[in-house]
Each structure stands twice: as C-alpha cells, then as structure tokens.
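Subject: Structure for your records

Dear colleague,

Please find the sequence and structure below. My account of what was found follows directly after them.

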Amino acid sequence: MTLDLHGFGPALAAGTLMTIKLALSALVLGLVLGLLGALARTSSIKPLQWLGGTYSTIVRGVPELLWVLLIYFGTVNLMRSLGESLGYPALELNAFAAGTIALGLCFGSYATEVFRGAILAIPKGHREAGMALGLSSGRILWRVILPQMWRIALPGLGNLFMILMKDTALVSVIGLEEIMRRSQIAVTASKEPFTFYMVAAFIYLGLTILAMIGMHWLEKRAGRGFKRSAA
C-alpha cells in the first residue's frame, strides 16, 4: 500500500518549512520578552516588578488563538494610519508577522516564570561574591547570573518550545500557509481528511523529536562544567 498525496507533497514540505520559520521567529522574540520579564519581576524596583507581573498574568490569562486574532485584526487601523503618515497607505501586518508577535508574546509570558524560577534558584552568595570582587551589577548579571540561569532554565524552555511548535497550527486561521493550512487545502481538494491530517500529525511528531534531540544536546553542553565540579 502506497501513500498517495495527490501531488501535495511539495506543498506540505513548504508548509513544514514555514512552520519551522514561524516557530524559530517566535522563539527568539519570546526569549527576549521572557528574559526582560524575569529581570523585571526579580528587580528591586516596584514599578518594574508590577510591569513584569502584569505582562505575565494578562498574556497567560488569554488563549493563544485569541492573541493571534486580536493582533492580526486589531492592528488593521493602526497599521493603516501609520502607513498613511509614512506615505504607504496599503501598509498592513501580514499573517507571518502577526503570528510571530502573538506566539512570541505567549511564549515570553511563560518563559518569564521559567527564567524567574531559575534566577531565584541561584544562591545569593554567588551575587555577593561578585560584589566582594568589585564587579559591577551588569558584570555580575552577565558573568555570574545568566550562565547559571540558562542551565537551570533549559529543561523548562525545551518543554515550552515543543508547545510553541504545536501552537503554530493556530496561525492557520489567519491564512498563513503552514502545515495545517496546507493540509486543509489538500483535504478540500482530495476529500481525504484522514490521510492528510495523519501526515500532518507525523510531521509535527518528527519536528518534536528533532526539538527533543536538540534540547538534550544543549542540556548536556550547558551542564558539562557543573557535572565536573559536582564530581
């Protein structure tokens, strides 16, 4: 028995590539937002604590699908006004950009809590040792806190990335031609929903396995010095 994709194999491959691009773009944005949110939440400045906590609470309290729709449709008038002021009246936020922003916001809100937990898990004595050596706050953060934070946070971030990979399917509702959108088009043309949705499931599973292998390698690399010192 052979699997007949009715000529939609290249389209599914293109959708897979789009899914990977979307996931990686949202990951970069989410890591930046998560790190900033965690630094704000662990700051001694009350307004920054409030800002980081508010971002994390509000974004996590709204479903990811709603964020995709709100950002895509809610920015129409804003982008039109901005375009008119810049001389580009047709300026708009495309589906890829909207998906990246929405998924990046959601990833960042959860990553904020992962980073925050990792920072709090670092013994206070390490920071005090840096101060005793005369290091500035910036150097303590860069040379002492962040390297340890990444090692502690990696397992949690890996789980979030696998969730993010699957959440990319939500962006199909605004027309981005990733795996799910390409599968839906193939189903409409071929009338074989089981075949194409099963293929999509296997593609997502394959991407998840690759992500797990990559995270395992990163965790081993990040923990090398720690394991040697523990031995």
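In the chain, confidence is highest in helix α1 (residues 9-41), with a mean of 95, and lowest in helix α10 (residues 224-230), with a mean of 55. The score in question is pLDDT, the predictor's confidence in each residue, on a scale from 0 to 100. Its average for the chain is 88, and 95% of the residues score at least 70.

This is a predicted model, in which local features need pLDDT of at least 70 and side-chain atom pairs count only at pLDDT 80 or more, whereas totals for chains, interfaces and linings use all residues. Residues are numbered from 1 along each chain as its sequence is written, and side-chain values use heavy atoms, with hydrogens and water left out.

Overall architecture

The chain has ten helices and zero strands. The C-alpha atoms of the chain fill a box of roughly 70 × 55 × 30 Å along the principal axes. Of the 231 residues in the chain, 37% are buried; here buried means under 20% relative accessible area, exposed means over 50%, and partly exposed lies in between (1.4 Å probe, protein chains only).

Leu39 belongs to helix α1 and is partly exposed, at a relative accessible area of 28%.

Annotated transmembrane regions

The UniProt record, an unreviewed entry, places the feature "transmembrane region" at residues 20-40, 52-73, 93-111, 152-174 and 194-218. UniProt positions are given in the numbering used here, feature names are shortened, and annotations may be inferred rather than shown by experiment. Two of these spans may be described in the model. Residues 93-111 are 89% helix and 0% strand, and their end C-alpha atoms lie 25 Å apart. Residues 152-174 are 70% helix and 0% strand, with 36 Å between the end C-alpha atoms.

Packing of the helices α1 and α2

The axes of α1 and helix α2 (residues 46-60) come within 7 Å and cross at roughly 135°. Axes are lines fitted to C-alpha atoms, for helices over the stretch in contact, and angles run from 0 to 180 degrees between N-to-C directions. The two helices α1 and α2 are therefore oblique to each other, since angles under 35 degrees count as roughly parallel, over 145 as roughly antiparallel, 65 to 115 as roughly perpendicular and the rest as oblique. The crossing of α1 past α2 is left-handed, a term used if the near helix is turned anticlockwise from the far one by less than a right angle, with right-handed used if clockwise.

Salt bridges

How many salt bridges does the chain contain by the rule applied here? The count comes to four, a salt bridge being a side-chain nitrogen of Lys or Arg within 4 Å of a carboxyl oxygen of Asp or Glu.

One of them joins the side chains of Arg41 and Glu113, at 2.6 Å from N to O. Arg41 lies in helix α1 and Glu113 in helix α5 (residues 95-121), so this pair ties together parts that are 72 residues apart in sequence. Arg41 is partly exposed at 27% relative accessibility, and Glu113 is partly exposed at 22%.

Glu113 also meets Arg116 in a salt bridge, at 3.9 Å from N to O. Being three residues apart in helix α5, Glu113 and Arg116 are separated by about one helical turn. Arg116 is partly exposed, at 27% relative accessibility. Arg41, Arg60, Glu113 and Arg116 are linked in a network of salt bridges.

Glu177 forms a salt bridge with Arg182, and the closest N and O atoms are 3.2 Å apart. Glu177 is partly exposed at 33% relative accessibility, as is Arg182 at 22%.

Backbone points

Two residues other than glycine deserve mention for a positive phi, namely His6, near 55°, and Lys191, at about 60°. His6 sits in the segment before α1 and is partly exposed at 37% relative accessibility. Lys191 sits in the loop between α8 (179-190) and α9 (193-222) and is exposed, at 64% relative accessibility.

With kind regards

How values were computed:
Helix = DSSP H or I, 4+ residues; strand = E, 2+ residues; numbered from the N terminus.
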